Amino acid sequence: MFQSGIPYHETGTFKSHRTFLPDDEYGIALDNLVKGCTDILLLSPCGQKIFTGRRCVQPQPDWWFMGGRIFPGETPIQSCQRLLRRELGLDISNERFIAVCAQAFAFGMREQAPKDHGTTDAQFCYKVQLLNEEEVEKVVLDENEYSESEWKLPSEIIEGNYHPALKFAVGNMLAGNVLEEMEKKVEGEGGGSDEEIAALAREFLKKRKEVDDVLKTSKDYKLVSKELDYETTVNSRY
């Protein structure tokens with residue numbers, strides 16, 4: 001995402017009245033509402049690999065982001081912090097979250113009954129780079145939701161059989177990395193030469209175009225879950 005962050009606008013004083021919903025009521029809510037979610041591209045300390053988990057439950061029983069639902073009254077970053085603290089025991093300060101992109105999802109299946117009613121999400125995606133091996137060692141997923149996990153190179157995701165939403169996020173992250181480097185050249189002490197800045201601008205535009213190309217190849221992806229005996233494809237568009 002090529003803005004400084006995702007702003008949170010509180011008009012008046014908001015107080016959350018969130019309550020636990022029984023499964024049947026939550027299913028009705030899913031039929032009528034689009035959930036807000038925050039998902040995280042978790043990067044290795046070297047910044048070269050992305051942590052992914054292979055889900056074994058609906059929706060999206062395949063390789064996916066870390067993340068989950070936003071609670072009422074949370075900023076997107078507060079949601080990310082809660083999810084990482086709950087799932088992985090990681091305490092990440094605000095400034096380490098960098099906005100990557102926003103996407104919308106519609107899944108044909110969900111975990112709650114009736115499962116074939118599916119679910120719809122609006123996603124805010126961030127990236128967070130871990131600082132050291134101590135943080136890396138905390139990254140262990142719930143075996144009830146994930147069958148395996150793996151640190152992957154961005155190129156593995158971009159070129160492999162992965163959901164277009166994951167590819168889209170990784171592509172935006174790579175384009176954003178170039179933009180960050182260009183900003184450093186422009187704003188840093190001494191600055192960069194016009195030639196260096198122009199080269200980075202061209203590289204940024206190239207990677208930005210590659211992000212759009214992800215959507216053109218979305219039908220190449222096939223989701224296959226042996227655990228759930230489930231197969232499907234994806235149709236991605238702006």
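The following legends describe close-up views of a predicted model. Residues are numbered from 1 along each chain as its sequence is written, and side-chain values use heavy atoms, with hydrogens and water left out.

**View 1. Helix 2 and its packing partners.** Helix 2 covers residues 76-88; helices (H or I, at least four residues) and strands (E, at least two) are DSSP runs numbered from the N terminus. Its 13 residues reach 18 Å from the first C-alpha to the last, close to the 18 Å expected at 1.5 Å a residue, the expected span being 1.5 Å times one less than the number of residues. Among its buried residues are Ile77, Cys80, Leu83, Leu84 and Leu88, where buried means under 20% relative accessible area, exposed over 50% and partly exposed in between (1.4 Å probe, protein chains only). The buried residues of helix 2 pack against strand 1 (35-43), strand 4 (66-69) and strand 6 (119-129), contact being heavy atoms within 4.5 Å. Gly89, with a positive phi near 70 degrees, follows the helix.

**View 2. The largest pocket.** About 800 Å³ of space lies in the largest pocket. Of its 35 lining residues, Arg55, Gly67, Gly68, Arg69 and Glu145 are the closest to the centre. On a 1 Å grid over the protein atoms alone, a pocket is an open set of points where a 1.4 Å probe fits, with protein on both sides within 12 Å along at least five of seven lines, and lining residues have an atom within 4 Å of a point. Grid points are joined across faces, edges and corners, and the volume is the space filled by probe spheres set on the points. Helix 2 gives the most to the lining, with six residues. The lining comprises 17 nonpolar, seven polar and 11 charged residues; Ala, Val, Leu, Ile, Met, Phe, Trp, Tyr, Cys and Pro count as nonpolar, Asp, Glu, Lys and Arg as charged, and the others, Gly among them, as polar.

**View 3. The largest nonpolar core.** Within this core of 22 residues, Leu41, Ile50, Phe65 and Cys125 touch the most other members. Helix 5 supplies the largest share of the core, six residues. A nonpolar core is a set of buried Ala, Val, Leu, Ile, Met, Phe, Trp, Tyr and Cys residues joined through side-chain atoms within 4.5 Å. Beyond its neighbours within four places in sequence, Ile50 is in contact with residues including Leu41, Trp151, Ile157 and Met173.

**View 4. Helix 6 against helix 5.** The 23 residues of helix 6 (residues 194-216) should span 33 Å at 1.5 Å a residue, which agrees with the 34 Å between its end C-alpha atoms. Leu200, Phe204, Lys207, Val211, Val214 and Leu215 are the buried residues of helix 6, and they pack against helix 5 (164-187). Glu210 also lies in helix 6 and counts as partly exposed because its relative accessibility is 36%.

**View 5. Backbone features of the loops.** A cis peptide bond, with omega about -5 degrees, joins Gln58 and Pro59. Gln60 lies in the loop between strand 2 and strand 3, and its phi is positive, near 55 degrees. Gln60 counts as buried because its relative accessibility is 3%. A cis bond also links Ala113 to Pro114, with omega near -10 degrees. Asp229, in the loop between strand 8 (222-225) and strand 9 (230-233), has a positive phi of about 50 degrees. Asp229 is exposed, with a relative accessible area of 73%.

How values were computed
This is a predicted model: local features need pLDDT of at least 70, side-chain atom pairs count only at pLDDT 80 or more; totals for chains, interfaces and linings use all residues.
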